[in-house]
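Let's take a walk through this structure together, one piece at a time. Have a look at the picture first, then read on.

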Amino acid sequence: MCSHGTYTEVLCWQPPHLTHDGIERLGPIKVDRCIAPIVAALNLAGVRTTQSCCGHGKPGRIDLSDGRVLIVHSDATTAPLERMANNA
């Protein structure tokens with residue numbers, strides 16, 4: 001995970017309640033650099049995110065506009081593979 005304050009801009013849907021004029025729009029949002037590619041891919045695929053945080057060493061989250069929440073773990077890229085290898 002990245003350190004707090006390490007951001008990159010990603011195109012995300014901004015819901016009406018988070019815009020200055022109450023109109024939903026696609027625009028650049030600062031996202032934690034380490035999860036920015038995931039957030040960008042979700043939005044590009046039409047899965048709208050509303051906010052996110054990598055957790056900075058603790059479990060993080062990516063909130064989706066439909067109310068679902070994706071939990072981000074620092075070992076998420078290797079843990080499933082390790083579990084599969086141990087079960088083989």
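What follows goes from the sheet to the helix, and then to the residues packed between them and around them.

Keep in mind that this is a predicted model. Start with the sheet: it is open, built from 3 strands in the order β3-β4-β5, with antiparallel pairing. In general, strands of a sheet pair through backbone hydrogen bonds, and they can do that either parallel or antiparallel. Here β3 (49–53) and β5 (69–72) sit at the edges with a single partner strand each, so one side of each has no neighbour in the sheet. On average, neighbouring strands are turned by 10 degrees against each other, if you ignore direction. Zoom in on β4 (residues 60–64) and you'll find 4 bridges joining it to the antiparallel β5. There, I62 stands opposite L70 of β5.

Now for the helix. α1 (residues 36–44) lies across β3, β4 and β5, and runs at about 170 degrees to β3. Which of its residues are buried? They are A36, V39, L42 and N43. Looking down the axis of α1, these buried residues fall within an arc of 130 degrees, so they line one face of the helix. On the face of α1 turned away from the buried side, you'll see the exposed residues P37 and L44. The cover over the buried residues of α1 includes β1 (7–14), β2 (25–32), β3, β4 and β5. After α1 comes G46, with a positive phi near 95 degrees.

T49 is buried, with a relative accessible area of 3%. Its side chain makes a polar contact of 2.8 Å with the side chain of N43. Leaving aside neighbours within four places in sequence, the contacts of T49 also include C12, W13, V39, L42 and I62.

Finally, the nonpolar interior. In soluble globular proteins, nonpolar side chains tend to be buried together. The largest nonpolar core in this model has 11 residues: V10, C12, V31, I35, A36, V39, L42, C54, I62, L64 and V72. β1, α1 and β4 are the elements that give two or more residues to this core, and α1 supplies the largest share, 3 residues. As for I35, it touches S52, C53, C54, I62 and V72, not counting residues up to four places away in sequence.

Technical notes: Residues are numbered from 1 along each chain as its sequence is written. This is a predicted model: local features need pLDDT of at least 70, side-chain atom pairs count only at pLDDT 80 or more; totals for chains, interfaces and linings use all residues. Side-chain values use heavy atoms; hydrogens and water are left out. Two strands pair if DSSP finds at least two bridges between them. Axes are lines fitted to C-alpha atoms, for helices over the stretch in contact, and angles run from 0 to 180 degrees between N-to-C directions. Contact means heavy atoms within 4.5 Å. Buried means under 20% relative accessible area, exposed over 50%, partly exposed in between (1.4 Å probe, protein chains only). The arc is that of the directions from the helix axis to the C-beta atoms. A polar contact is a pair of N or O atoms within 3.5 Å; within protein, one must be able to donate a hydrogen and the other to accept it, and residues adjacent in sequence count only if both atoms are side-chain atoms. A nonpolar core is a set of buried Ala, Val, Leu, Ile, Met, Phe, Trp, Tyr and Cys residues joined through side-chain atoms within 4.5 Å.
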